[in-house]
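Hello,

Here is the structure we talked about. Please open it alongside this message; my notes follow below.

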Amino acid sequence: MPTDTALKTPTDLKSNATKSVAEALNGILADSYALYFKTKNFHWHVSGPHFRDYHLLLDDQATQILATTDVIAERVRKTGNATLRSIGDIARHQTIKDNDADFVAPDAMLAELREDNLALIASLREAKIIVDNAKDNATSGILDTWTDEAEQRAWFLFEASRKG
């Protein structure tokens, strides 16, 4: 069996539509991994008077982000397409920028992660239009959940960063 059809999962969705869905989801998957790793990076390196609160907040958020990755990839596969295969593949698809700085102040960490979550929300909303046009109801419903989760993360990061 040729490799291009070996992984074809049967679906009633039109192949052109599923390619668009897969492209959108693979971009979200790449950004989810980038955001997960950045959130864990900041979790590991946060310091200062709010250490415990920020450390726990970032760990909770990273866990939530990582939990979406398998579901995203499986949605791509259920539509008969291939998903990301490597760190290099993630790097080629991600739009969320890495942060390799030796030190990032806690307030800058929260602000950067808030902006990254807002960017992810924008991608999720764009994907919603694509999956709705493809009549992919299952992915559409899950996108609503992921959008709500990202909105909550952005909100928590905003509130945690407010100066009282």
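**Contacts and salt bridges**

T69 touches L29, S32 and Y33, leaving aside residues up to four places away in sequence. Keep in mind that this is a predicted model.

Some more on T69. The residue sits in helix α3, which spans residues 51–78. T69 is buried, because its relative accessible area is 4% and the cut-off for buried is under 20%. The T69 side chain reaches the backbone oxygen of L66 at 2.7 Å.

Now the salt bridges. The count comes to eight. Three of them are worth a look on screen.

- E112 pairs with K38, with the closest N and O atoms 2.7 Å apart. This pair links distant parts of the chain: E112 is in helix α5 (residues 106–133), K38 is in helix α2 (residues 15–45), and 74 residues separate them. E112 is partly exposed at 23% relative accessible area. K38 is buried at 4%.
- D136 pairs with R75, and here the closest N and O atoms are 3.0 Å apart. D136 lies in the loop between α5 and α6 (137–161) and R75 in helix α3, so the bridge ties together parts 61 residues apart in sequence. D136 counts as buried, at 3% relative accessibility. R75 counts as buried too, at 9%.
- R162 pairs with E159, the closest N and O atoms being 3.2 Å apart. E159 is partly exposed, with a relative accessible area of 37%.

One last point: salt bridges with shared partners join K38, E112 and D116 into one network.

Best wishes

Key:
Residues numbered from 1 in each chain as written. Predicted model: local features only at pLDDT ≥ 70, side-chain atom pairs only at ≥ 80, totals over all residues. Heavy atoms only, no water. Helix = DSSP H or I, 4+ residues; strand = E, 2+ residues; numbered from the N terminus. Buried < 20%, exposed > 50% of the residue type's maximum accessible area, 1.4 Å probe, protein only. Polar contact = N/O pair within 3.5 Å; in protein donor to acceptor, adjacent residues only side chain to side chain. Contact = heavy atoms within 4.5 Å. Salt bridge = Lys/Arg side-chain N within 4 Å of Asp/Glu carboxyl O.
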